Amino acid sequence: MTATLPRLSASTLAAAQAETQRPAYDRDRLGTGIVHLGLGAFVRAHQALYTEDLLATEPGDWGMVGVSLQRPDQRDRLMPQDGLYTTLQRDPSGLSARVVGCLRSVLVAPEDPSAVIDAMGSPDTRIVSLTVTEKGYCIDPATGRLQQQHPDIRHDLEHPDAPRTAVGFIVAALERRRAAGLAPFTVLCCDNLPSNGDVVATLVSDFAALRDDRLANWIETNAAFPSTMVDRIVPATTPDDLTEATRLTGLTDAAAVVHEPYRQWVIEDRFVGDARPRWERVGAEIVGDVAPYEHMKLRLLNGSHSALAYLGYLSGHETIADTVADPVLRTFVERLWREIVPVVPPPPGTDLASYTRALLERYSNPAIRHRTWQIAMDGSQKLPQRLLATIRERLTRELPLPGLALAVAGWMRYVGGVDEHGREIDVRDPLAARLRDTLDKAGGDPQARVRAVLGIEAIFGDDLARDPRFESALIAAYASLLARGARGAAADFNSHAGA
């Protein structure tokens, strides 16, 4: 049946089923003021929807140009649809469909890097936003600075007109604007990095200084890098989701995305001039200091999400909803939060106990199939912000950390590449080969394996490996995992944490 239905596009949109929410503005008159690097599902289910809501209430040239930095997949799905795509909001009570129109075009950076620089360098572009994930910034996790010897960074320095990285494109476009006498754009990072605006500003400054000190000074003086905190669960789209989008809209859509009802976007009030969308009119929070919000979210949401992903996967659970439906792992995450909350200052007006209860409700939504394997990706890049920072703070306060140690041990067990039943794990991580090799060479002794992985300074820095309190807690947790399995180790933790 679905093969005979027309493809979603500007010419077929009017034929969508009556219940489908459609763009409430004239797309033909919409200019583009935002270039977004990293056109994955998250931005299309989060930032784009705030922009869509705003355009429905007031006119403005805030259409988006999306940029795929690696592959043409998104362009090939979206441009036959004139940039239109369906969002599916899933909650236990039902499913609703909305067609989003603010994406005006999609560029593929490897095919035409000049077109990307042209778009970013255009006077119409006032914001360049990013969702390229932690690994996309070529950041040294131990120092927070640019990895100057990263192959892609070396390439971008040698080929400034054909960059590969987000940082390379930003600097190339800002150099173009400086030469043309244009103001810089605002760089709006929407990735889960603490102080993400400051982090990106540092990386851009490091890269620009390698090119031209005067350019680096101009960027530092004139550009703006506000920090942000973003929150919405956006699982990977499945074939069944595409079928649901077609059923609800009556149109075939190759680019649908799925999201939960909840969303939050906190943005530091730091832009170039006054050139920004008034996202606060549709629910975003514009604040003077994002740090308390991102601190809360990274530690309580992202930290627990990663912990549940590793222990849930090792316990045989496919999704986060399945994982928290397991009473042992549900109790584990509730008691893990007891370790994290004491070192998280609450944002103004926020009760952390209520926040974690709401998180558990969100995790329990059976309509959102957020796979543990998906969340487990790139753990070597995520752990420093999500779990290790909390561990450092508890160590500073002389507080025990058995739950956090078990979460890190779960990651170590996972990246070993073999599950509890001897099956291979498809580990997706920039350091996957090194981690597997390190563990294999350490042999079967838990103490030797833990010490070998702790020696990877890019993940643990030079402090945690030398802290006997962390080492002993991690060895105990890892040994428990090997002896009892993930679920048994979590049950042991629960019995002691509840004592």
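With which residue does Asp419 form a salt bridge? The partner of Asp419 is Arg423, and the closest N and O atoms of this salt bridge (a side-chain nitrogen of Lys or Arg within 4 Å of a carboxyl oxygen of Asp or Glu) are 3.0 Å apart. The model is predicted: local features need pLDDT of at least 70, side-chain atom pairs count only at pLDDT 80 or more, and totals for chains, interfaces and linings use all residues. Residues are numbered from 1 along each chain as its sequence is written, and side-chain values use heavy atoms, with hydrogens and water left out.

**Overall fold**

- The protein chain has 20 helices and eleven strands; helices (H or I, at least four residues) and strands (E, at least two) are DSSP runs, numbered from the N terminus.
- With a radius of gyration of 23 Å, close to the 23 Å from the globule rule for 499 residues, the protein chain is as compact as a globular protein of that length. The radius is taken over C-alpha atoms, and the rule is 2.2 Å times the number of residues to the power 0.38.
- Along the principal axes, the C-alpha atoms fill a box of roughly 65 × 60 × 45 Å.

**Burial and packing**

- Of the 499 residues, 56% are buried; buried means under 20% relative accessible area, exposed over 50%, and partly exposed in between (1.4 Å probe, protein chains only).
- Helix H5 (residues 151-158) has Ile153, His155, Asp156 and Leu157 buried.
- The buried residues of H5 pack against helix H6 (166-180) and helix H7 (196-211), where contact means heavy atoms within 4.5 Å.
- Among contacts with a separation of 6 or more, 78% are between residues 24 or more positions apart.

**Salt bridges**

- The structure holds 33 salt bridges.
- Glu58 and Arg281 form one of them, with the closest N and O atoms 2.5 Å apart. Glu58 lies in the loop between helix H2 (47-57) and strand E2 (63-68) and Arg281 in the loop between strand E10 (264-268) and strand E11 (285-287), so the pair ties together parts that are 223 residues apart in sequence.
- Glu58 is partly exposed at 23% relative accessibility, and Arg281 is exposed at 55%.
- Asp419 is buried, with a relative accessible area of 9%.
- Glu424 forms a salt bridge with Arg436, the closest N and O atoms being 3.4 Å apart.
- Glu424 is exposed at 55% relative accessible area, while Arg436 is partly exposed at 25%.
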